[in-house]
Amino acid sequence: MAKIEFQVEHLNLYYDKFHALHDLTLDIYQNEITALIGPSGCGKSTFIKTLNRMNDLVEGCKIDGTIKLNNVDIYKDYDIIDLRKKVGMVFQKPNPFPMSVYDNIAYGPRIHGIKKKAQLDDIVEEALTKAFIWDEVKDRLKKSALALSGGQQQRLCIARALSISPEVVLMDEPTSALDPLSTLKIEDLVLELKKDYTIVMVTHNMQQAGRVSDYTAFFLNGDIVEYDRTSKIFEFPQDKRTEDYITGRFG
Ligand SMILES: Nc1ncnc2c1ncn2[C@@H]1O[C@H](COP(=O)(O)OP(=O)(O)OP(=O)(O)O)[C@@H](O)[C@H]1O
Ligand SMILES: [Mg+2]
């Protein structure tokens, strides 16, 4: 059995009076890919953001219950800077900073106090290599990241997330803005990253969840209807609503 990375217990989340997540309890496993699926508005993004406290900034957002990362409560016993260092995030729309390719990747390490050029050079090359984009950008490191294609920008953003050596990478629909070829590149990349990182990924694409993930959680109206090994969810769903969703009958 894989080690537990996140232990979520009785998690409730409210946006003012709106109860968006209902008493969620689940374990997320280390070095596995966990897919979060479900129809629009069911709470996938809300949930993934609780894992690195992105909701802290949302006015009116309240949480109860606990989330532990390697047994440490991320809401009570973690400094947010330390948490974000361990839990990186990649968003739906590629969002490189308006600066050079190199500076995008060096940004996080610099904030964490790394100043030596040789060390930064190594980090930049390693992160871009891990994100399968080094060969495409090695001759244009000083050029603006905004000049890259959408698929390249997304791999750059993944490299940026890796540059601070996180343990976990959260991805909220990382391929929904990309063409099919770029999507497959990201999927290959995610499969490769699993060796070194725990990945949690929101996707609307059932084939994608089936191709890459080890575990799948099916969300509906703020509840997790079913959470299990992906093969089980897809081949032997226990709940009729899961079956209806994955066979495309709603959502
Ligand atoms: N900042 C916010 N303030 C108030 N309500 C919010 C906020 N963010 C999300 N919600 C509500 O919480 C519910 C869950 O939204 P969430 O964005 O988590 O859904 P989702 O599953 O990610 O949907 P999608 O697939 O469309 O991205 C929705 O009803 C949404 O309107
Ligand atoms: Mg969402």
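An oxygen atom of ligand 1 sits 2.8 Å from a polar backbone atom of Gly 41. The model is predicted.

**Polar contacts of ligand 1**
- The backbone of Gly 43 also takes part: one of its polar atoms is 3.0 Å from an oxygen atom of ligand 1.
- Ser 45 contributes through its side chain, with a polar atom 2.8 Å from an oxygen atom of ligand 1.
- On its own, ligand 1 has 630 Å² of accessible area, and the protein covers 62% of that area.

**Shell around ligand 1**
- Ligand 1 is surrounded by 13 residues, and the closest are Ser 40, Gly 41, Lys 44, Ser 45 and Thr 46.
- Sorted by class, the shell holds six polar, five nonpolar and two charged residues.
- Helix 1, which runs over residues 44-50, gives the most to this shell, with three residues.

**Helix 7: length**
- Helix 7 spans residues 180-193, which is 14 residues.
- At 1.5 Å a residue, helix 7 should span 20 Å, and this agrees with the 20 Å between its end C-alpha atoms.

**Helix 7: buried and exposed residues**
- The buried residues of helix 7 are Ser 182, Thr 183, Ile 186, Glu 187, Leu 189, Val 190 and Leu 193.
- Viewed down the helix axis, these buried residues fall within an arc of 165°, so they line one face of helix 7.
- Pro 180 and Leu 181 are exposed on the other side of helix 7.

Conventions: Residues are numbered from 1 along each chain as its sequence is written. Chains are lettered from A and ligands numbered from 1 in the order in which they are written. This is a predicted model: local features need pLDDT of at least 70, side-chain atom pairs count only at pLDDT 80 or more; totals for chains, interfaces and linings use all residues. Side-chain values use heavy atoms; hydrogens and water are left out. A residue is near a molecule or strand if one of its heavy atoms lies within 4 Å of it. A polar contact is a pair of N or O atoms within 3.5 Å; within protein, one must be able to donate a hydrogen and the other to accept it, and residues adjacent in sequence count only if both atoms are side-chain atoms. Accessible areas come from the Shrake-Rupley method with a 1.4 Å probe; for residues, only the protein chains shown count as cover. Helices (H or I, at least four residues) and strands (E, at least two) are DSSP runs, numbered from the N terminus. Ala, Val, Leu, Ile, Met, Phe, Trp, Tyr, Cys and Pro count as nonpolar, Asp, Glu, Lys and Arg as charged, and the others, Gly among them, as polar. The expected span of a helix is 1.5 Å times one less than its number of residues. Buried means under 20% relative accessible area, exposed over 50%, partly exposed in between (1.4 Å probe, protein chains only). The arc is that of the directions from the helix axis to the C-beta atoms.
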